[in-house]
Every structure is written in C-alpha cells, then in structure tokens.
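Please look through the sequence and the structure shown here, and keep both at hand while reading the report below.

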Amino acid sequence: MRIAAQGAEKPPLLTWPRDEIQDRKIKLFTTVNVALFVIMAAVALWATWHRGPWLDEFWTLWLSKHDVSLAEAVKNRWLIDVHPPFFTGMNWLVQTWAGDSIVGRRLMNFIPLLASLLLAAALCKRYPNAKNFIVVCVIMIATSPVFSYNMTEIRSYFTQICCMTSLIVCLYALLILENGARIRDNRLLAAALVVLIFLGLNIHYVTTVVATSIVAAAGLSLLVRRQWNWFFLLLSAGLIASVPLMAWFITQTAFLDQISGTFWVKVTFPVAVKALVAQIAKSFGFNLAVWMALGIVFLGLLRQRRNGGVTVDRLRSEIDPPDVGRGHTLFIIAISAGLACAAVLLLAVNIKHPHLFVARYLSAIALTTIAIVAALIVNVVRQRRLLFGLLVLNGALVYSVIVISHALDRGWDGAAAVIQAQRGQCASSPIFAAEYPANYIVPNQDQVIDWAYHLEAGRYGFPVRVLKSQSRLDIPAGERCPAILWIDHIDWNELPQPVTLDAITKRLSIAFPPKFLDAAHMMRTESGILIVGGPPASAP
C-alpha cells in the first residue's frame with residue numbers, strides 16, 4: 001500500500017485528511033452518486049423538451065432533409081457548409097425515421113453519450129489500474145460547462161464531446177499499458193482507438209486539429225517507449241481518417257476561401273488569446289473541489305521542497321495513482337504537449353482566417369484541459385472520499401445551473417408562443433415573417449430561415465407567410481385583427497441604437513401598407529422582434 005510516511009513532520013496549515021485505506025479504487029455507483037446522476041438525467045430530459053430552438057439547430061435539420069436527391073444535397077448544401085460531412089451524413093441517414101422533431105433529434109444526443117459511457121465502463125473493467133482516472137475524468141467532463149451547454153441542442157458539438165472524451169480515456173489506457181502489451185490481447189482498445197481517431201478527425205475542423213495533436217503526442221510517447229506496434233496502429237488510424245478529411249477539405253477549399261471575408265464572426269489575435277484562456281479556465285474553474293485538490297497537490301510539492309527538494313520520484317508519488325507505472329506521468333506530458341501544439345496551430349491559422357475562436361468551436365480544448373487536470377488531481381481525490389463526494393456534488397450543481405439556465409432561453413419559441421397567444425385572442429391575425437439583414441453572407445441561410453419559420457409556425461399551429469426582400473406586406477382589406485411581422489435570429493449588437501420601431505423598419509427591405517406603422521408597436525422576444533400593427537381601413 002502507498003501510505004506516505006509522516007514521521008514527526010509538522011502538518012501543514014492547509015490540508016485535507018486522507019482516508020485510512022489509501023489504495024482503494026474510486027466507487028462511482030454509490031447511493032448518493034446514483035441519486036445525483038438520476039437527477040442530472042431528469043434535468044437534461046426536461047431541458048431537452050423546454051429549451052427553445054435557435055437557428056443553428058434549424059441548420060442541422062435542414063442539411064439532413066430529403067427534399068432533394070443525395071447528390072444535390074451534397075453539391076448544393078453540404079459542400080457549401082463549413083464542416084466535414086460526417087455528422088451531416090449521419091443526420092441525413094436518420095432523418096427518414098427521426099423526422100424533423102426538435103425534441104426527438106435532441107434526444108438522439110443520448111446515443112453517443114450512452115456509447116461513450118459503455119466504453120468507459122468496459123475500459124474500467126478491462127484495465128482496473130485506469131479506473132481511478134477514467135472515473136474522475138468522465139465525471140469532470142460530464143459536469144463541465146461545455147458538456148452541460150451542448151447536451152440539449154441539435155448540433156455536432158455534443159457528439160464531438162463524447163468522441164473526444166472516449167478518445168482521451170483510450171489514450172490513457174494505452175499509455176499505461178506495459179511495454180510488451182500486444183494488440184491482439186487488447187482488441188477492444190485497439191478497435192476503439194481506430195474508430196475514435198476517425199471520428200475525431202472528421203466531425204469538426206477545429207476538433208480535427210486538437211485530436212490530431214494529442215494523438216500525435218501520444219504516438220511520439222510510444223516511440224520513446226519503443227512500443228512500435230501501438231505507434232503504427234495510431235499512425236495507420238490517422239492516415240485512414242485523413243483520407244476522407246483531406247478529400248472533403250480540398251473540395252471545400254474554394255468555398256472556404258470565398259466566404260472567409262464574409263463569415264459571421266471575425267476574431268482578432270488578442271481576442272483569440274482571451275477566448276482560449278477563458279475556455280481553459282472555465283473548463284474546470286467552477287468546481288471548488290478541483291481547486292482544493294490542486295491546492296493539496298501544490299502544498300504537497302512545497303512540503304517536499306522543504307524536506308529535501310522535489311525529485312521526479314517524489315513528484316510522481318504525489319500525482320500517480322497506484323499500479324500505473326510511468327504511463328500516468330507520460331500521459332500528462334503528452335496531452336499537455338498536444339494541447340499546447342493545438343493552441344499554437346489554431347492561433348496561427350486564425351491570423352489568416354479569423355473565425356476559429358468561438359467558445360463552442362473550442363470544446364475539444366476544454367476537454368483536453370479537463371483531462372490534464374483530472375490526471376493531476378486523481379491521486380489526491382482517490383485518497384479522500386469526502387473530496388471526491390464534493391467533486392461530484394459541486395459538478396452536479398454547476399451542470400444543473402447551466403442546463404436549467406439555457407433551458408429557460410425560449411429562443412424562437414418565445415416569439416411563436418406570443419403569436420399563438422395573440423391568435424387565441426384574435427384568430428384571423430395574419431402572420432408575416434422576414435429575415436433581418438445581417439452584416440455577413442452565408443450561402444443558403446435565406447432558405448434555412450424561410451424553412452425554419454414554417455417549421456416553427458407549424459409546431460405552434462398557425463400559418464405564416466415569409467416575405468422575401470423587396471416584398472410588400474399585404475393585409476386583406478377589412479381585416480380587423482392586427483397583423484404581426486415576425487423577425488427572428490437577430491444579433492442585438494447589429495441593431496441600431498437606440499432600438500426603435502422606426503430604426504428597425506428602415507433596415508427592412510419590405511414595403512408596408514399605409515397606416516400599418518401608425519398604430520404599430522414592437523415587442524422584443526428572446527431571439528427576435530415582433531411588430532404588431534393596426535389593421536388597414538375597411539374597404540369602402
């Protein structure tokens with residue numbers, strides 16, 4: 001057993017008592033933990049139903065539609081998107097039976113989540129010495145802001161999170177293997193690595209950079225240890241995954257260069273650095289138990305320095321869990337090097353294409369950071385049952401606050417619900433919708449917004465007429481119910497200040513009938529604006 005000798009040494013002022021049994025494995029499925037997990041699942045299900053949709057979710061649904069042939073969808077939709085096609089292709093395959101239900105498609109996020117959890121459980125059983133790290137890492141990720149925010153929306157980011165989490169724990173299991181470990185004796189691990197490297201490289205271009213960097217760093221670690229068989233497995237998996245990635249990227253290059261100057265966001269270098277630092281800090285910074293564990297590690301190193309200096313062996317005695325050999329330390333070094341490499345590459349690319357440093361694009365950065373922190377604190381947490389309980393409890397609290405707060409954002413549902421209520425009071429109110437002029441150009445966005453208005457109106461049971469640019473808002477003569485103009489997906493930073501009805505209508509390329517605006521008033525919703533006007537004069 002690994003019980004550090006205390007001798008007559010004076011205890012530090014700040015400490016957390018260790019358990020009497022120090023080489024125990026962390027138990028994940030305790031009564032308290034299971035109760036918390038059930039509550040978290042219930043919160044996720046409620047948020048999936050209650051959270052309003054936003055435009056990017058409609059984009060995901062629209063790209064998977066079967067209203068055109070597959071060849072036409074690839075040519076006129078997928079190729080002029082800014083992502084690799086794998087996630088879109090998978091969505092296209094399931095659309096025939098999953099349909100366009102927003103709630104139903106959100107619930108499909110539980111598929112990669114379940115697959116990731118099953119793989120983690122299988123690795124814990126197959127590699128008991130990896131269990132401590134896998135449990136701590138998975139819990140920290142599952143209660144992190146990046147996980148909590150993306151779990152209840154229809155985008156590729158949650159699938160990325162599940163794939164990258166699984167890839168990270170597989171790389172950990174690989175690096176703590178004995179030098180002579182054969183692939184045929186570890187078939188599950190080998191197969192999982194091949195599949196996850198393919199997924200990590202083909203879902204999102206920013207995630208591609210991070211996944212490639214950490215896999216390459218792990219591969220170099222294997223070279224140092226002369227584990228040639230596993231090195232060539234990673235190399236072969238990377239080359240195989242790169243074939244569809246590069247083919248698609250080369251095909252998309254002309255389009256990506258074309259929209260580079262009109263993309264929806266531009267991020268300067270200082271802002272990119274700030275976004276990177278914020279993403280790293282927020283990945284674990286809201287969990288008090290993590291800071292306490294890091295503090296205990298730091299105080300342990302200070303104590304070692306006072307008692308003869310910090311050596312490699314003493315450092316490993318503070319950080320390494322039992323029975324992991326040098327692989328645990330090697331994992332920390334490799335993943336840290338991979339994270340640093342990915343950050344430098346992304347910052348360099350962002351100079352030419354200043355569109356990369358958006359929080360949701362950087363989910364893989366957050367996950368890699370969490371893995372490094374988990375590896376640093378796992379031995380401290382393992383030795384302190386109460387600290388592990390606080391880690392889970394604090395994480396569940398962070399998760400619940402984020403999931404619930406985003407579920408309360410009604411998005412497009414906010415405007416649709418107001419319109420539904422208005423038609424309940426005056427059933428013949430004509431409903432119009434229009435796209436607010438943006439300062440950027442995105443191919444197909446006008447089609448997506450048009451379809452989104454019709455889909456959302458259908459969900460709330462009212463008809464809508466979407467007005468094209470230069471259209472006229474025509475109200476039937478004699479109509480006594482007020483007409484409503486619905487404008488959603490507005491970037492509030494683009495609105496003229498102060499936000500007035502007159503300022504808004506001047507930006508719209510729509511001809512309004514006489515007297516429509518005389519009695520009109522404007523209502524601001526979660527993501528848009530409603531202009532409720534007076535009816536036209538009766539026909540003579």
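Predicted model: local features only at pLDDT ≥ 70, side-chain atom pairs only at ≥ 80, totals over all residues.

Residues are numbered from 1 along each chain as its sequence is written, and side-chain values use heavy atoms, with hydrogens and water left out.

The structure holds one disulfide, a term that stands for a pair of cysteine sulfur atoms within 2.5 Å. The disulfide is formed by C426 and C481, whose sulfur atoms are 1.7 Å apart. Because C426 lies in the loop between α19 and β1 (431-435) and C481 in the loop between β3 (471-472) and β4 (484-488), the pair ties together parts that are 55 residues apart in sequence. Helices (H or I, at least four residues) and strands (E, at least two) are DSSP runs, numbered from the N terminus. The torsion about the S-S bond of C426 and C481 is about -85°, so this disulfide is left-handed.

The sulfur of C162 is 6.9 Å from the closest cysteine sulfur, in C163, which is too far for a bond. C170 is also in no disulfide, as the nearest cysteine sulfur, that of C163, is 11 Å away.

| Residue | Relative accessibility |
|---|---|
| C481 | 6% |
| C162 | 3% |
| C170 | 0% |

On the loop between α18 (385-407) and α19 (412-425) is found L408.

Conventions. Buried < 20%, exposed > 50% of the residue type's maximum accessible area, 1.4 Å probe, protein only.
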